[in-house]
Amino acid sequence: MAHILKTLNSWFWWENIWMPINCTWADFVDRDGLVFPKPQQLYATIPYAFVLLIIRFFTERYIAIPLAKALGIKNVRRVKPQPNPVLESYFRECSRHPSQSEIQGLAKKCNCTVHLVEKWFRRRRNLEIPTVLRKFQEAFWRFSFYFTSSIAGFIFLHDKPWFYDIWQTWVGYPFQTLLPSQYWYYMAEISFYWSLLFTLGIDTKRKDFLAHVVHHFAAIGLMSCSWCGNYVRVGTLVMFVHDTADFWLEAAKMFNYARWEKTCNLLFFIFSVAFFITRIILFPFWILRATLYQPTFYSTTPVIAYFLFNGQLLILQGLHLYWGYLIFKILKRFIFLKDLKDDRSDEEEEDSVTDNEEESTNGNKNGCGSGKHLLNSSHH
């Protein structure tokens, strides 16, 4: 087994995959003031990701929550439905939205009214939906990172020649020295996407959940490959182009949760413009042109990393087109129907059960029966 792993490792780090002809890993040893990115440095992104999770915890708790309260967002306490093995089993294994006939059958089985069964399913479904405060906290954390990263990215890039002339990304390649700002820019970005993957199970799930999973893995793979192949200059441009649009969306979400409708609409419009400029125009016609077309002027035999790098960039562009379609649908509905609603999120259902109704579920006469009766009913 060890021999197999050693062989696979040697194949993966074969020079012909990552660097131009007549270059070896020995050429990328730091020397004469030149510093090069090293693949083993990427291991540091895992502990950095946990550091970001700690920062996220304190940011959400001590900044996001007070800000949410200041904006008028209340921490609504969800009312849990009474424990009911029959209904819980049906909810998990059959349907979260039973038909009227199914509700009537469940009511007879549990010896309670149809109204109470409907209320039970409504409350149970609401438990699966994060509260508005929770969604605000997540949006605030992402806004904080993207906004900070955008400012840092501009500071790192504004005085670099390749920020204005993208041909400069290939001048001197592959022997381009790694700057400290580029190192920390990469470490922060990769660590952030690792942290998002680590919290996928507890963060708000949306209808484009799978697209986000693909995006996070593609982003980590893309940044890692560009690091190993020393495509750092163009890599920093890719990161900057993405972050400058994303924080507008997160800001719009925060004000949407606070029900500041006009502010939310304005921010979403700004995001839409920024998204289409950066993702639909700049990314394919500026970034992809630099990665697909310009390298052919520096080498007549592209290495395998060229195809790995560009393949992941094309996957990313596919996701851009998908999200651009969703944004266009939202804008279209907003313009013609004045409705700016995100179809990806489930909405909480109104729960109007009174305390007396909840207490009635504990009795046998009008309620859903005792725990013993319910356990026995599950075998009918």
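## Helix H10

Let's start with H10, a helix of 26 residues that stretches 37 Å from its first C-alpha to its last, close to the 38 Å expected at 1.5 Å a residue. This is a predicted model, and in it H10 is mostly covered, with 22 of its 26 residues buried.

Just past the end of H10 comes Arg259, with a positive phi of about 65 degrees. That's a residue other than glycine, and its place is the loop between H10 and helix H11 (261-292). Is Arg259 buried or exposed? Its relative accessibility is 75%, so it counts as exposed, the cut-off being over 50%.

## The overall fold

Zooming out, the chain has 14 helices and zero strands. Of its 380 residues, 47% are buried.

## The largest cavity

By class, the lining splits into 10 nonpolar, four polar and two charged residues.

## Aromatic pairs

There are 39 aromatic pairs in the model. Take Phe57 and Phe58: their ring centres are 5.3 Å apart and their planes stand at 85 degrees, so this pair is edge-to-face. Phe57 is partly exposed, at 45% relative accessible area, and Phe58 is also partly exposed, at 44%.

Another pair brings us to H10 again. The rings of Phe147 and Phe247 have centres 5.3 Å apart and planes at 75 degrees, which makes them edge-to-face too, since that angle is over 60. This one links distant parts of the chain: Phe147 belongs to helix H7 (residues 132-157) and Phe247 to helix H10 (residues 232-257), and the two are 100 residues apart.

Tyr48, Tyr183, Trp184, Tyr186 and Trp227 are linked by ring pairs into a cluster.

## Backbone details in the loops

What is the peptide bond from Tyr173 to Pro174 like, cis or trans? It is cis, with omega near 5 degrees. Pro174 sits in the loop between H7 and H8.

Asp32 is in the loop between helix H2 (15-18) and helix H3 (45-70). With a relative accessibility of 76%, Asp32 counts as exposed.

## An annotated stretch

One region carries a label from a database record. The unreviewed UniProt entry annotates residues 89-126 as "DNA-binding region". In the model, the end C-alpha atoms of residues 89-126 lie 17 Å apart, and the span is 76% helix and 0% strand.

Key
Residues are numbered from 1 along each chain as its sequence is written. This is a predicted model: local features need pLDDT of at least 70, side-chain atom pairs count only at pLDDT 80 or more; totals for chains, interfaces and linings use all residues. Side-chain values use heavy atoms; hydrogens and water are left out. Rings of Phe, Tyr and Trp (its six-membered ring) pair if their centres lie within 6.5 Å; planes under 30 degrees apart count as stacked, over 60 as edge-to-face and the rest as tilted. Buried means under 20% relative accessible area, exposed over 50%, partly exposed in between (1.4 Å probe, protein chains only). Helices (H or I, at least four residues) and strands (E, at least two) are DSSP runs, numbered from the N terminus. UniProt positions are given in the numbering used here, feature names are shortened, and annotations may be inferred rather than shown by experiment. The expected span of a helix is 1.5 Å times one less than its number of residues. Ala, Val, Leu, Ile, Met, Phe, Trp, Tyr, Cys and Pro count as nonpolar, Asp, Glu, Lys and Arg as charged, and the others, Gly among them, as polar.
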